[in-house]
Amino acid sequence: MPRYKRKLSKMDHSTHLHSTGEAQPEPGQGRPEPSHPKLHFHDVHDIALDLVFKHVSLPSACVLRRVCKRWNDHLDAPFQLCTLALLNKDLLREDLREYIKERRNFVRNILYYGKYVFGQEDANTRLYQFCCMFQNVSDMQRIVLSEHNISSSMLRKLTEKTFPKQCRLFLTKLLVSDVDRYLIPESWYSLTIERRSGSTRIGNLLVEIDMNVNVEGKTEQEKEVMFGRQVQRMAHACATPMDEYEICALKTRLNRMVFVHNVPGSSGAWLEQVLKDILKQHEGPEFLFVNVVQLELGGLRPLTVRLVERLLMEIMSSGVLNNNL
Amino acid sequence: MSTAASSSTSETIAEPGLKIKVSTKEGEVFELDEKVAKMSQVIRGILEDLGEQNGGDDSVLPLTQVETRIFRKILVWLKYHAGHDKEEAPKAEEDEIIARFCEEIPEWDQKFLNVDQAVILEIMLAADYLDIKKLRGLCCKTVANILKTKTVEQIREMYGIENDFTPEEEEEIRKQTAWCEDEPPRQGSNH
């Protein structure tokens, strides 16, 4: 028997068709067709049924469980509970949380999307409590958070929980607030009042955050630094190019700094080299030839901008810059 | 190699390049552009096997589980996507989960699948048989979206499904899922 025939014969779905004798209309692509056997949903084999149910979120699955015994068996089976998809508002229900809690040992993947809930202070807490529910599930594989407005401190708390080693946390389409403290010193807070300052928006990227960073023996400050590096990495990956408003604000601020410290503003090979090194480290190769002293900063990302600012400030406060120019 | 073509009508799709012949359940033969044909992982696999065995150009791959009327539809989908889709790397599982629940069905595909539900199911089964994951996923999602907008009674009526629960079983499930009782059907939502 040829190999292709063996391959195809293995794939017989054994569907059971029965004829209703009705001609089916063919909207869109088709022309009128003759009568043909009509496939009914209850005749569809188990694999196909599971394929459909894999696209149903938990609350909808619970409704569908009531249709018949067969659907109930499929929808409450461990493999079907393996991936849970939930909306933020679903977790407002105490009884739903209980329902999930009873079945949590079957769960391997969670997709929790928040629809960017604003103005609900408990949304972050709910998210945190929900994720923590799974920290002792030994086969937990991944948690994906999407469309949330989350604070970096909440994110940090989450990464410090003890999830199984293999469990991975992914973020996508997230607005992470309160990231400034990981980008610049606290004394700089007053200088960072600008649009969207302090928030990092993760677009369609899928960013992985290290879990279980609760390293024993580390001080609170050291842990904060460790998490800060993660935030910087995330911010750098997701930051969008500056717009004209931001560029203008940055130019003004840098010029003011230079003026206050009596530094000649447009010269200094040393300064140029320092800034170029920053660009090289934090931006793509296309920015290497930017004339940074002339402040052609159109393509810089906000994170780099803050690094530039911080470095300038540190240099100026230490007096190094004046000595080198 | 099969010669199902001998007793059937042949439909030629005029496209340059290597042609692949496949025959449907009824024995009708279709000649596909290689790129279009290889969107089916099953056909791709068979062609690779045949390549190893020096299979002849006149080979006709028998797709014995796919009816002609369904294959015609699938062909429309394959040709459109062969021309419009970029070559995609296989998705990581987390990407696949996000796509399953968060991505909208593209407009063209929505129109393509705007057919009788029985036909969608048949396309889904054929896509599964031919291992065309994207089409299979779109069909599943479309059916799932329809289910999500219906009540239990509507679903039973729509599909002629009998309520085979005993009153005790029904009560037990109702208790377990009581929290979703006041959930309205989610019209047009992917979630």
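This is a predicted model: local features need pLDDT of at least 70, side-chain atom pairs count only at pLDDT 80 or more; totals for chains, interfaces and linings use all residues.
I take buried to mean under 20% relative accessible area, with exposed over 50% and partly exposed in between (1.4 Å probe, protein chains only). Residues count from 1 along each chain as its sequence is written, chains are lettered from A and ligands numbered from 1 in the order in which they are written, and side-chain values use heavy atoms, without hydrogens and water.

**Entry: aromatic pairs**

I searched the whole structure and got 6 aromatic pairs over all chains. Rings of Phe, Tyr and Trp (its six-membered ring) pair if their centres lie within 6.5 Å; planes under 30 degrees apart are stacked, over 60 edge-to-face, the rest tilted. I looked up A:F53 and A:W71: the pair is edge-to-face, at 5.2 Å centre to centre and 70° between the planes. A:F53 lies in helix α2 (residues 46-53) of chain A and A:W71 in helix α4 (residues 69-75) of chain A, so the pair ties together parts 18 residues apart in sequence. Helices (H or I, at least four residues) and strands (E, at least two) are DSSP runs, numbered from the N terminus. Are A:F53 and A:W71 buried or exposed? Both are buried.

I then checked A:Y112 and A:F130. Their ring centres are 5.1 Å apart and their planes at 55°, so this pair is tilted. A:Y112 belongs to strand β2 of chain A and A:F130 to helix α7 (residues 122-132) of chain A, so this contact also ties together parts 18 residues apart in sequence. Both A:Y112 and A:F130 are buried. With A:F134 they form one aromatic cluster.

**Entry: charges over rings**

I count a charge as over a ring if NZ of Lys or CZ of Arg is within 6 Å of the ring centre and within 35 degrees of the ring normal. A:R103 lies over the face of A:Y99, 3.8 Å from the ring centre. A:K157 lies over the face of A:Y128, at 4.5 Å.

**Entry: the sheet**

I read the strand order of an open sheet of 5 strands in chain A as β1-β2-β3-β5-β8, with mixed pairing. Two strands pair if DSSP finds at least two bridges between them. β1 (83-87) and β8 (207-209) of chain A are at the edges with a single partner strand each, so one side of each has no neighbour in the sheet. From one strand to the next the twist averages 20°.

Strands β2 (residues 109-113) and β3 (residues 142-146) of chain A run parallel, joined by 5 bridges. A:I110 has A:I143 in β3(A) as its bridge partner.

Note on methods: Axes are lines fitted to C-alpha atoms, for helices over the stretch in contact, and angles run from 0 to 180 degrees between N-to-C directions.
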